[in-house]
Amino acid sequence: MHASKTRSTNKNVIKKAVLSTLVLALTTSSFIHTTYATSSEGDSLTASAETTQNTFQMQQAFRMRSQQAMSQDQSPIQYQIKARLDEKNMTIEGSQTVTYLNTSKDTLQELVMHTYADANRSKATQTIMYTGQNEQIAKEHPEKKASDFLGGMDIVKVTKQGEKLLFDKKNQALRVQLKAPLQPGQSITFQIDFLLDIPYGMQRVSYYKDQINGAHWFPVMSVYDENTHQWNKTPYSTSFESDYYTSSDFDVEFNVPELYQMVMPGDITSQDSAEQGRKVVTSHAANTREFAFFAGPNLKVERETRDGLTVEYFYSDDDPAKKAAVDKYIDYAFKVIAFYNEKYGKYPYPEFRIIETYVDGFGVEYSRLIQMPERAAELLPENDTTFVHEIAHQWFHALIGNNSETESFLDEGFAEFSTVYFLEKQGNKLGGFRSIQLDPSPIDLPIASTNEQVGEMADYVFYQKGRQAIYQLYRSVGEPKFDAFMKEYFHRFVYQNATIDGLLGTIEDVLGKEQRQDMENALRKPGFELKQEYQMSEKELAAYMHDVYQPQYEGVVNNVPDLPYEVMIRLMEKSFRGEPLTIVLGDQVSKEAAKQQEQAASQLTQIFDVFGMKYNVVRDRKQLKQKLKREIGSSNLILVGNAKSNGLVQALKKNMMVRASDIGLDWKEAMNVSGHSGAYVIKHPYNQNRLMIHYYWNGDHLSDKASASFMEKILESLTLSNDIYQSYELDGNGKLKDSKKVE
């Protein structure tokens, strides 16, 4: 959970507690993923005449098409991969040819590749993001052993022109020793044969039900850093992401069952295989950050082409209403892509693909495609911020790369800001810039932290604080200058790997030294907080919270089956709609009782202040008599204190008893249990369209123990939780004795 902060001089603990709880619900993002490795050897792979011919055709096509569409020179790395999926044993047998150009100033003695699939060799190195899902899957499938949820990659051999090269593989890094040093500007072509064992369940590479997730399925070149003179050998993060690749050219050939639909980046073609019941699917993808695939026999697809871009949406749902929902998502994808084209730089590929998988709770970005959880047919894309966020990653991850192990802000912070930027320009009252201005409290970590440094606070640091730092820059310079800066940033780093230093250099060149210094302070100093002039005022905050939570309360009271009229949160829903609300305190009470009544009133009014609701507080009988007929008769009511000392209770007691019996409460008995306290909700004694809540105690005042519980229970009864109360009773120590509620 993340703490939050109020925006006024009022430091009341209750208001902070309310905001802390509510802001957390608003600022939680869910856009993440992970994977790991070891070593082995085996028999060599042989290619059939069919696949050899296909490889030749792929290479010919590669040479012809590499000059098309991209307006970029050939990538420094080319992969030609032949793979065969064994769907019965869930393995992939692969052979890849890699051409690597040494673009550094160093002479290289070895080449290093990542084998992230090896994260699945042990549960300890698998990502914890899928742990909950895998535990549930294991319960549902007791026939599956723990070992079924593991897998990994074996390297069969590494050769250069048929001659074996020495290699070792450990901790997800494949090191290949070169027989001759690779000089700057020189290239080398070598071959790797490998065998992938796909784990069951949920991982970045895994299979479950009728789908295969295929990220990290082949050895991929590491990034060489000529400043440190080292290859990146970092294993894949168990808690976040470690994606760090060089944009490359891919020609991939997949031998798969005939009924399988293959979802992957690039220009896809298909032809029959010599093997009965199988086919060969090929893809050419130039200047592509990474190559992931998804496959299954039951995938449906909808597609549309506009202005040279084809958007495809793959899903498994048989609901007839699903197609209409998918069409809306495709249309929305075009709208999102068009916005980022205008603001940052043109999406350069001829296709963009979306696939729904069984991964629950978050989306995952890959180059030229995104992975989404299954979407209900009734869900509108306008309400799906995950969808917009993952599309934004096509600019900040796929096109502009970065080391997401050490500088995750560069992809997650910019993707989050871009999501909000898009929603703001669509007129989204809740998801636009006001959601950024809802400033969580500062934390003693820089935004420019590494994954290891932030630990479980990645969402807070990279997403929330990251997008705030970018928003502050946006506000500081204005939209036209900000957009000009973003276009230059894209121009400098498209198909490259950006760094925070590179970002700051671009800011200085386009926006000046002062803006660079401000952003450097924001990113590298701990405790970043949005400047006061860019935060919400207290009035703006209340209006925002009202807009956010009104539909949530309405959703509960309208959609919970058989919900009684007399429930406490319905009074909140009524107040959101602008119905009048009056709080009535007892008078002629002891100092201790008066103090506790005021404390309860403070609890209530701060809840209403947070949500921007209007209310009146009545404290004496003279005022009560003046308002009784005209105002209080048409108002929702909250009464506080002992029934005998509250003038309104005494005036309405007979009718209150009748209304209480409607919810099954013996009012007389409840008000006479010595030392007890509690609350109940009834229809207004004189107005069946209004509600009354009475927060009561029996006796002069509450004990210290009971008082603390009493105040906490007020907050619980009016805010959204698992329990919707009609009444509850606390004993003399404040412990819950009885309740009537809807769960």
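V205 has G214, a residue of β10, as its bridge partner. This link belongs to the antiparallel pairing of β9 with strand β10 (residues 211-214), which extends over four bridges. The model described here is predicted.

**The four-stranded sheet**

- β9 and β10 belong to an open sheet of four strands, whose order is β9-β10-β18-β15 and whose pairing is antiparallel.
- The edges are formed by β9 (205-208) and β15 (261-263); each has a single partner strand, so one side of each is left without a neighbour in the sheet.
- On average, and with direction ignored, neighbouring strands of this sheet are turned by 10° against each other.
- In general terms, the strands of a sheet pair through backbone hydrogen bonds, in either a parallel or an antiparallel manner.

**The five-stranded sheet**

- A further open sheet contains five strands in the order β19-β20-β21-β23-β22, and its pairing is mixed.
- From one strand to the next, the twist averages 15°.
- Within this order, strand β21 (residues 351-357) pairs with strand β23 (residues 369-373) in the parallel sense, over five bridges.
- One of the residues involved is R353, whose bridge partner in β23 is L369.
- Helix α4 (residues 320-343) lies across β19, β20 (309-315) and β21, and runs at about 145° to β20.

**Nonpolar cores**

- The largest nonpolar core has 75 residues; Y340, I391, W395, F409, F417, F482 and Y489 are those that touch the most other members.
- Helix α9 (residues 458-477) gives the most to this core, contributing 11 residues.
- Which residues is Y489 in contact with, leaving aside its neighbours within four places in sequence? They are F396, I400, L410, A498, L503 and T506.
- Another core lies apart from the largest one and has 73 residues, including A117, V176, L182 and V220.

**Residues with positive phi**

- Most residues other than glycine have a negative phi.
- M90 is not a glycine, yet has a positive phi of about 55°.
- The position of M90 is in the loop between β1 (77-86) and β2 (91-101).
- Is M90 buried or exposed? Its relative accessible area is 9%, and buried means under 20%, so M90 is buried.
- Q172, likewise not a glycine, has a positive phi of about 70°.
- Q172 is found in the loop between β6 (167-170) and β7 (173-182).
- The relative accessibility of Q172 is 0%, and therefore Q172 counts as buried.

**The protein as a whole**

- The secondary structure comprises 19 helices and 30 strands.
- Of the 743 residues in the protein, 57% are buried.
- The protein exposes about 30500 Å², and carbon and sulfur atoms supply 47% of that area.
- Among contacts between residues at least 6 apart in sequence, 72% join residues at least 24 apart.

Conventions. Residues are numbered from 1 along each chain as its sequence is written. This is a predicted model: local features need pLDDT of at least 70, side-chain atom pairs count only at pLDDT 80 or more; totals for chains, interfaces and linings use all residues. Side-chain values use heavy atoms; hydrogens and water are left out. Helices (H or I, at least four residues) and strands (E, at least two) are DSSP runs, numbered from the N terminus. Buried means under 20% relative accessible area, exposed over 50%, partly exposed in between (1.4 Å probe, protein chains only). Contact means heavy atoms within 4.5 Å. Accessible areas come from the Shrake-Rupley method with a 1.4 Å probe; for residues, only the protein chains shown count as cover. A nonpolar core is a set of buried Ala, Val, Leu, Ile, Met, Phe, Trp, Tyr and Cys residues joined through side-chain atoms within 4.5 Å. Two strands pair if DSSP finds at least two bridges between them. Axes are lines fitted to C-alpha atoms, for helices over the stretch in contact, and angles run from 0 to 180 degrees between N-to-C directions.
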